[in-house]
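Hi there,

Here is the structure I promised to pass on. Have a look at it first, and then read on for what turned up.

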Amino acid sequence: MLKLPRLLIFFIFIIGDVAVSGNSVDSLKMVLSKTTDGNTRIDLFTEIANQFRNKDSDSMKWYAEQALLLTNADTPPIAIVKVLNLIGIYHFQTSAYDSAIYYFERGIPNAQLAGDTAQLASFLNNIGLCFTYKSEYDRAIEYHLQALAIREATNDPKVSSSYNNLGITYDRMNDLTNAEKYQLKALELKRLEGQQLPLANSLLNLGIIKRKQEQYKEAIVYYEESLVIAREFDDNKKTANALNNIGSAYVSLKDFRKAATYFEQSIALKREIGDLQGLARSLGELAEIRAFYGDFARGRALLLEAEAIAANLGSKEIEHLTYANRAGIEEMAGNYKAALEFERKASSMWREMVNEEKNEKIAELEVAFNTAQKETEIQKLALLNKVNEAQAAGERAWFIGSVISLSMLVIGLMIFAAMQGKRRKVEMTLQEHQFDALQKRYVDLLEGPMATELAVDFTMINEKLVDPLTEREFEAFTLSLAGKTNQEIADKLFVSQNTIKFHLRNVYNKLGVRNRKEAVEYVVSTS
């Protein structure tokens, strides 16, 4: 009985030395190699995993899983909470959202047993984030509101994070009223608490909302305040993002020269910090401005650089965006054959992205199901060991009862796992049908306007616009949607080609789109 206290005292002294030496992982491993007590080993594996958090996610996962393998019915719930949280975070960081949800949901009853309301709210919040990234917004809101209620009731300092997450989710739902309401609450708390870098994030989020509300000058005010904070803390990534957002706001204000200045600053900074994904996107935005001023050669050169970055990163999303931008520039230059070629490349890349996303979801569901089966087997083996110990002690009656209970538990777990698997397969099948329908519709639109006839009602579309279309603009627009070239439209309406370009540019500005492809998407989405 004296062995465990001595071990714990030794552990406490070692942890104290770790804090001084700064070599915590090696010191913890040394203690782990000399420790045999199960609960102490769980704590050590968990602490080592935590040391790797935000540094080496694979190592974090491995040590946390070793801790989970050691848990049993006698493990304190708070210890299980910490382990499940780390494994869930790993899956969240690797975008395996279904697996992350599985571990976070397992953590909820353990947090309740431990009476840890802060961690309970964190689990609910993390599940909400997973559903947000899965675009299941109603479920995300449900979990975020549960987390918010707990944090408000307990005066949890992370309540501002819940407001922020709700704002982001409502923003993605395009519910800008609620998005702004919760982001303003988060902003107010962060100002009171003096959280400068989180404050910079809230300012950026509010700027994005204001831009969507077409309040571009207000958006720039938020962006510029965020920029000041980011520069004050030498946070180059946030600085680059703020510069880029300011540039985008000036594009919306049609002040393209100012926009170009901010994009150029953002691009220079992104090159410096090696933010290749952000760099590729900014290059695409600057390329469109260059093309607007007729500098098509410079626009093409910027997009070629973005395309090279996409190929280097293996990012189909950026490559798709680059092809779409290139199609827009070639259309502006009057090179319709080249524009069609890049539209087809963008369409092909979109199909690849959709298929890959479906395959990733299938693989993720299989991993989650296999993980559940593996853990069920581990629990079965742990229970069998207890049964064998009871038999060795001669407790025959207890042994028989345990075997029956074990069988029922294993059968119940297997039934549960099978039901979960069937449910997820049904969800996966539904998602595949949705993907196929979306893919077909999108490809039909991109493969050529003449392949799809769109019914556009003049009165209906003007009801949705602040600045309505004129009859002449509407005539030019509908002929454009029907696949007519600018010259064909000009001949039909007995005007010059430049007049048609002028009308179409006005239409695109009023619709808030950049080219005919986006105009088609706008009409489809609002029809």
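Among contacts in the chain between residues at least 6 apart in sequence, what percentage join residues at least 24 apart? The figure is 56%.

Please keep in mind that this is a predicted model. The chain's mean pLDDT is 82, with 79% of its residues at 70 or more. Residues 1–22 have a pLDDT below 50, and this stretch has 16 contacts in the model beyond near neighbours in sequence. Another such stretch is residues 445–453, where pLDDT stays under 50 and the model has 17 contacts beyond four places in sequence. Where pLDDT is low, the predicted coordinates should not be read in detail.

Now for the overall picture. The chain has 24 helices and zero strands. Of its 527 residues, 45% are buried. The chain exposes about 27500 Å², and 54% of that comes from carbon and sulfur atoms.

Next, the aromatic residues. A search of the whole structure turns up 16 aromatic pairs. One of them joins Tyr 97 and Tyr 133, which are stacked, with 5.6 Å from centre to centre and 10° between the planes. Tyr 97 belongs to helix H6 (residues 97–114) and Tyr 133 to helix H7 (residues 117–133), so this pair ties together parts that are 36 residues apart in sequence. Tyr 97 has a relative accessibility of 15% and therefore counts as buried, whereas Tyr 133, at 41%, counts as partly exposed.

Phe 292 and Tyr 293 also make a pair: their ring centres are 5.5 Å apart and their planes stand at 85°, so the pair is edge-to-face. Phe 292 is partly exposed, with a relative accessible area of 38%, and Tyr 293 is partly exposed too, at 40% relative accessibility. Elsewhere, Phe 45, Phe 52, Trp 62 and Tyr 63 form one aromatic cluster.

One more residue to look up is Asn 165. Is Asn 165 buried or exposed? With a relative accessibility of 7%, Asn 165 counts as buried, because the cut-off for buried is under 20%. Asn 165 is found in helix H9, which covers residues 159–172. Leaving aside residues up to four places away in sequence, Asn 165 touches Asn 125, Leu 129 and His 144.

Happy browsing, and do write back with any questions.

Best wishes

Terms used. Residues are numbered from 1 along each chain as its sequence is written. This is a predicted model: local features need pLDDT of at least 70, side-chain atom pairs count only at pLDDT 80 or more; totals for chains, interfaces and linings use all residues. Side-chain values use heavy atoms; hydrogens and water are left out. Helices (H or I, at least four residues) and strands (E, at least two) are DSSP runs, numbered from the N terminus. Buried means under 20% relative accessible area, exposed over 50%, partly exposed in between (1.4 Å probe, protein chains only). Contact means heavy atoms within 4.5 Å. pLDDT is the predictor's confidence in each residue, from 0 to 100. Accessible areas come from the Shrake-Rupley method with a 1.4 Å probe; for residues, only the protein chains shown count as cover. Rings of Phe, Tyr and Trp (its six-membered ring) pair if their centres lie within 6.5 Å; planes under 30 degrees apart count as stacked, over 60 as edge-to-face and the rest as tilted.
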